[in-house]
Each structure stands twice: as structure tokens, then as C-alpha cells.
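Hi,

Here is the structure you asked for. My notes follow below it.

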Amino acid sequence: MHEGERNSAAGQLGRLRLDELLDELQVRINAVRGTRDRLHSLLEAVLSVGRELDLPQVLRGIVEAAVVLVDAEYGALGVIGQGEKLSEFLPVGIDDELRAQIGDLPSGHGLLGELIRHPDALRLPELSEHPASSGFPAHHPPMHSFLGVPIRVRDEVFGNLYLTEKRGGAEFDEEDESVLATLAVAAGVAIENARLYAEARLREQWLAASAEFTAGLLSGMPEARVLEVMVERAKEITSAELGLVDLVEEGSDELRGVLALGKRAEAHRGLRVPRAGTLAGVALTGQGLVTAEDVSSDPRVTYQPERWKGMGPAVAVPMGERGVLLLARGSGRPPFSSAETAPLPGFAGQAALALELADRRRDAEQVSLLEDRDRIARDLHDLAIQRLFATGMTLQSAQRFVDHPEAGERLARAVDDLDETIKIIRSTIFGLRAHEAKEPGSGLRVRAVRVVEGAVTALGFTPSLRMEGLLDTDVPRALADEVLAVLGEALTNTARHARASRADVSLVVRKGALTVGVVDNGVGIAEGGRRSGLRNLAERAQLLGGELTTGAGPEGGTRLEWEVPLSGLK
């Protein structure tokens, strides 16, 4: 071979090696550029999940960033709840229509549960070949490659990231795993920040609610309204759908539902329940704050569990020894977290204080009322009766000087009217001084006042009460008991069904009959509605020889009159 030919061959070989080197260099440059771009994307993802403070948005952002970073078709984030089960599952890549066809979201069985039981990174070329794989439900899209990493918040495993179906049919590699693990660390920090922010917001809300509560107490807000504000704010802060207040009935093992707001409230309002077999009773037995994952199927709730149909997580907290505050969410909702329930005992303690202050205020008003009654009774006895008696004596002595028969008859009638007036005043004095008797408050007047006062909490306002006639002297004890039962039933019906803001109650004895009247400004009696309460009142009246009449009040609402003869029951 000539020297020129050898030089030409050497030149061709050199160019070939140079092309190979350039190609290799290009590959390395592309790899470096790809790595650089991926690092840039990872940093962007870390920054993006760290910007949000709302926890649901943070979780959604983590899954969306993970799918992009490892080029996966599907992704999900599972939040671990109680019992090593998934309490939340946020999928990405599956639209709402397909999700509805698949049905219930996973709860943590099969391969997803493997990461919960063993919180380490898991990478599979074919997920169906793993021993823990349990297959897919109907309508689920096919999935093969799999990559999962745990998300830790401090020392706690918060949940797991699941990625499937690497695009292009490839498998997830070590770099994908490393990138996803890095994102999981950033996700743990972002979740912790979002949690701290949520807890700070919760504290602010509880402080604002407590301030409103305290202002209501100091301003003399009615007891019923104070409890209503408390339940409304507790429902709002904890995202509960039902709020209840059950108060302890003195001298019995029963609780009375004085307030119910929200979903299925009518199943609890005004109901008397035993302590045994109820979540409220469990809280009152010294266990303090009590939670239930599903109150409708909780084994501790054995008394009328159907009341809780459609409800799920619940929490009950005692209000001192006075009663219990209960909150419940709908079925399928997440349970109450410790951050949500931690302030509840203090909040319920304020409710107990509100009830105690209301009692003290009521006692003070009662003492003032009794003092006024004593003064009025003394004035009636020492002034009014004496003057009426003197006037009657004067008229009687004047009769003998009157010759005209008609005038004499009129004087006699006037004297009789004065005698009747004196009897009425004496009866009134007897009623006013009934608290001094050996059996305090045994008269119908005082007992009727107590019944009306007892209905204030359920009604949310204080009804007016008018009493006329010889209620304490002419009404037999047995009939008085019937009257009080009728009055209590009528006011309970008003509280349950009327949605009224005012009610006027009257007890009148006139012409040998006693009439109980209740008039409210509510919605009236619905056509075709339940009338079991009215039927009971009508039957009581018929047994005593009387009758019940109902109709519209002067301003709408309902007018009820229950009238019986005084001779109906001795």
C-alpha cells in the first residue's frame, strides 16, 4: 500500500472515531440536559407544594407533581387513617365518570396495603405479579408498572404516593424512585406546615366563638339562645352536620333533648332518653370526651339506634354535670381529628357555666318575684279587702233607709258583688302566698308558672301567662294535675312543630268551667300532618266531659282551647 493510501485510511478511521466520540458526547450532553431539566422540574414541584397552606390543595398538588416528574399516566395519594386503613384517597388521571363506574375508592387492601404495612419504596415492572396484588375492580383501567413511596411527617407515616403506568410502556427506574422519594420528603414538610396552619386557624375560630359566647353570657342573653349559639359555632368549626344538647333530668336517669340543629334534628329534638345505651350517657359516666367512628352502628348505642340513621362519625362531651354536647357528621365523612376535638371540653365547660348563670339569674328573679308577691298580698289584705269590706258594710247599713224596692235590690246585688270580689282577692292572696305553705308551690297558679318556665328552653322564648278566677280554691287537685299535663303537652307541641317566636298562655276559671288556652304565631297546623298530640288532648277533654277546639290565631299560627267543667274530676 502506498503511503498516500495509508494516510487516507488513517484519516477515515480518525473521522469515524471522532464521529463516535461526538455522538457519545451528544448522548452525555442530552443526559446532562435531561438531568438538569428533571432537577429543575423537581425544584419547581417542591416549591409549588410548599406554597399552599390549605391541606386538601397541598395533597392534590403533590399527586399532580409526582405524575409529571416520573412521567406516569396515573397517580394517587392515600392518607392513612385509623386501623391501618386509608381514610382518604386522591386519584389523578381518572376522570369523574370513570371513577363513578369503578365505585368505592380503595381502603387499603392488597398492594396498597403492602406499603402501609411496610413503609418502604416499592418498584415493580408488573404489579399483578406481586403476592399482595388482589386484582382490579370492574371498569378499572389496566395498570402494569408500579412505583410507590411513603410520605412521612416527622416520625409519622402520613400516607403513600402510588404511581402506575410509566408512559411509553417503560418501567420505573432508580432515578424515578429517587426523584419521587425526594418529592415525598418535601411533601412531608408541606403537609406539616399545612397542618400547623389549619390548627392555628382552628384555634382562632374557637377563640372567636368563645368570645361571642362570653359576650352573650355577660349581656344576659336567654339560656336557649346561648346554647343555640354554642351549637351553631361548634357545628361550623368542626364541619359537623348535626349538633345536639341533652340535659340531665333531675331525680331521674333520663336526658332531655333541649336543642337539636342540622341533619335529622327532628329525630332528637324534645326526646327523653335513658343514660344507658346512649353516647351521651357514656360521656356522662366519667369517660369525658367520647368519639365514635360510626354512631349508627356503634355497639354502645343500643337505645333507638335508628335515630342515628345516615350519620357516621360522632363526638360527645359533657357540660359539667348538667348535660352533654353531641356533634355528628354524615355517613362516609372522615372522623373527628384530635385537633378538632381538643378545645371541645373547654367549650362545653362554658356551656355548663351558662346554664349555671341562668339558674342563678332565675333564682334571683324568683326571689324578687316572691318578695313582690308578699308585698302585693299584704297591700291587698291590709288595704283593698278592708276598704271593700267597709264599703259593703256601709251599703248594707244604708239598705234600711231605701224605700224603693228596685233600689234596694240593686244595693243587695252590689253587696253580693263586693262579697264575690273579696273572695277573688282572698284567692289571689292565697296564690301569692302559696310559697309559705307547708307544701311549697302546691297551688295551680304556682305549678302552672313552673310548667311555663320549664318550656322556655325548648321554645327559645318566654311565653306570656294570664290567669283568671279562683284557680287555687275552685279547681280540685286531681283536675289541676290534668290541667298541668295538658299545658305541658300543648307547649311541647308548640316547641316541636310551630316554629313560633311568641306564645300566649291563659288559664281561666269562669262560670263553673276551666279553660286552658295557647295561641302562637307559628306556621299553623299542617294539612295531613301528625296529630297524635292533639288527639291525646282531645281524649283527655272528652273523658272529663269537655272539649278541645283548634284553629288559626288572630295573627296566623295556631289557637288551642281546652275546656272542661270543674265538676269533671274531683
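Leu470 is buried, with a relative accessible area of 12%. The cut-off for that word is under 20%. Please keep in mind that this is a predicted model.

Leu470 sits in a loop. Strand S12 (464-468) lies on one side of that loop and helix H13 (471-474) on the other. Val509 is 39 residues from Leu470 in sequence. In space, the two are 6.3 Å apart, C-alpha to C-alpha.

**Helices H11 and H14**

The axes of H11 (residues 444-454) and H14 (residues 477-498) come within 10 Å. They cross at roughly 20 degrees. Angles under 35 degrees count as roughly parallel, so H11 is roughly parallel to H14. The crossing is right-handed.

H11 brings Leu444, Arg447, Ala448, Val451 and Val452 to the contact. H14 brings Arg477, Ala480, Asp481, Val483, Leu484, Leu487, Gly488 and Leu491. By type, these residues divide into nine nonpolar, one polar and three charged.

**Strand S1**

Why is S1 (residues 72-80) largely enclosed by the rest of the structure? Because seven of its nine residues are buried.

S1 pairs with two strands:

- With S5 (residues 156-166), S1 runs antiparallel over seven bridges. Tyr74 has Thr164 of S5 as its bridge partner.
- With S2 (residues 86-92), S1 is also antiparallel, joined by six bridges. Here Gly75 stands opposite Val92.

When you look at the strands, remember that in a regular strand the side chains alternate between the two faces of the sheet.

Best wishes

Terms used. Residues are numbered from 1 along each chain as its sequence is written. This is a predicted model: local features need pLDDT of at least 70, side-chain atom pairs count only at pLDDT 80 or more; totals for chains, interfaces and linings use all residues. Side-chain values use heavy atoms; hydrogens and water are left out. Helices (H or I, at least four residues) and strands (E, at least two) are DSSP runs, numbered from the N terminus. Buried means under 20% relative accessible area, exposed over 50%, partly exposed in between (1.4 Å probe, protein chains only). Axes are lines fitted to C-alpha atoms, for helices over the stretch in contact, and angles run from 0 to 180 degrees between N-to-C directions. Angles under 35 degrees count as roughly parallel, over 145 as roughly antiparallel, 65 to 115 as roughly perpendicular and the rest as oblique. A crossing is left-handed if the near helix is turned anticlockwise from the far one by less than a right angle, and right-handed if clockwise. Contact means heavy atoms within 4.5 Å. Ala, Val, Leu, Ile, Met, Phe, Trp, Tyr, Cys and Pro count as nonpolar, Asp, Glu, Lys and Arg as charged, and the others, Gly among them, as polar. Two strands pair if DSSP finds at least two bridges between them.
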